[in-house]
Amino acid sequence: MKRNTLAAAVVLLGCVVASTAGAPEPVNNNAWALGEKLEYAVKYGPFSAGRSTFAVEGEETVGGQKAVKFTSILTSSRAFFFKVYDSATSFSDFSSLYSLRYEKFQHEADEKSSNVTVFNHTAARAVRTEDGKAHPSMTMVPYARDILGVIYYVRTQPLKVGKSIRIPVHDGKRDYNMEVVVRNKERVTVPAGQFDCLVVEPKLWQLDGNLKKKGQMVLWMTDDSRHLPVRIRMSIPVGSLVASLDKMTGVKPAL
């Protein structure tokens with residue numbers, strides 16, 4: 001059996017196990033609280049590129065379920081090469097943090113797009129509405145998480161150097177297995193202060209066993225119960241953006 005075929009078989013077996021299991025156990029959350037807001041200065045090389053925020057907005061009800069609302073916003077500065085306003089909103093099950101609804105809006109230069117995905121975990125189906133047009137429902141791995149909500153889930157997990165965790169993720173179009181790898185420890189200094197961090201690299205594996213993209217994102221998360229992302233490096237077609245934490249409110253004390 002070829003290597004990639006074997007990898008695909010292992011991934012698919014994991015999906016079958018996930019689909020036959022019940023709802024995941026409630027998450028033990030010592031990492032973040034309602035009202036937390038993290039603000040970042042974003043740079044492209046030495047140049048100011050804009051601002052980014054991640055926030056735990058509060059409680060919502062989605063499809064009759066209690067949910068927590070997460071948001072992220074990226075806004076370019078006037079000096080950047082073109083206008084950028086990207087926002088994402090995740091509504092995740094309040095206790096287990098699997099995704100119930102995911103909204104994404106992008107305005108980059110002259111291009112705009114909006115996507116909304118609604119998850120039905122009991123039926124193992126997801127429905128995506130793209131720029132106002134509803135697509136046919138598609139199969140998905142039950143209790144998958146979305147691209148934003150999974151960051152808050154990872155923060156609640158025990159992270160150790162040399163260890164990795166795998167998490168089913170659905171991005172509105174297809175299923176992935178996210179592998180979260182903890183590379184090493186580093187002490188980093190950002191405008192918000194100096195922090196001892198874990199260097200965390202999320203990787204998205206397609207269900208055929210192939211890696212979607214390499215080096216898409218690296219996060220420096222505090223080596224404590226909160227796992228605050230104090231620095232985030234995001235790859236773009238030319239180079240990368242680096243977001244450094246400069247303001248934080250509503251943050252839990254470290255345990």
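**The hairpin and its surroundings**

In the hairpin of β2 and β3, 2 residues lie between the strands, and G63 takes a positive phi near 60°. The model is predicted: local features need pLDDT of at least 70, side-chain atom pairs count only at pLDDT 80 or more, and totals for chains, interfaces and linings use all residues. Residues are numbered from 1 along each chain as its sequence is written, and side-chain values use heavy atoms, with hydrogens and water left out.

Strand β2 covers residues 47-62 and strand β3 residues 65-76; the two are antiparallel and share 12 bridges. Strands here are DSSP runs of E with at least two residues, helices are runs of H or I with at least four, and both are numbered from the N terminus. Two strands pair if DSSP finds at least two bridges between them. One of the bridges joins G50 to S76 in β3.

β3 also has β4 (residues 84-93) as an antiparallel neighbour, through 9 bridges. There K69 has F91 in β4 as its bridge partner.

β10 (residues 164-170) and β11 (residues 175-190) pair in the antiparallel sense through 7 bridges, with V169 bridged to Y176 in β11. This hairpin has 4 residues between its strands, and G172 in the turn has a positive phi of about 100°. H227, in the loop between β13 (217-222) and β14 (229-235), has a phi near 45°. L97 has a positive phi of about 65° and is found in the loop between β4 and β5 (99-108). Both side chains are covered: L97 counts as buried at 2% relative accessibility, and H227 is buried with a relative accessible area of 6%. Buried means under 20% relative accessible area, exposed over 50% and partly exposed in between, with a 1.4 Å probe and protein chains only.

A nonpolar core is a set of buried Ala, Val, Leu, Ile, Met, Phe, Trp, Tyr and Cys residues joined through side-chain atoms within 4.5 Å. The largest has 54 residues, and W32, F70 and V230 have the most contacts inside it. A second, separate core has 6 residues, including V62, A67, Y98 and Y143. In soluble globular proteins, nonpolar side chains tend to be buried together.

Rings of Phe, Tyr and Trp (its six-membered ring) pair if their centres lie within 6.5 Å; planes under 30 degrees apart count as stacked, over 60 as edge-to-face and the rest as tilted. By this rule there are 6 aromatic pairs. Y40 and F54 make an edge-to-face pair, at 5.9 Å centre to centre and 80° between the planes. Y40 lies in strand β1 (residues 37-44) and F54 in β2, so this pair ties together parts that are 14 residues apart in sequence. Both Y40 and F54 are buried. Y98 and Y143 are likewise edge-to-face, at 4.9 Å and 75°. Y98 lies in the loop between β4 and β5 and Y143 in the loop between β9 (138-139) and α2, so the pair ties together parts that are 45 residues apart in sequence. Y98 is buried, with a relative accessible area of 8%, and Y143 is buried at 17%. W32, F70 and Y152 form one aromatic cluster.

As for the whole chain, it has 2 helices and 15 strands, and buried residues make up 44% of its 255 residues. Among contacts between residues at least 6 apart in sequence, 48% join residues at least 24 apart. Confidence is given as pLDDT, from 0 to 100 for each residue. The chain averages 88, and 88% of the residues score at least 70.

Key:
pLDDT = per-residue confidence, 0-100. Contact = heavy atoms within 4.5 Å.
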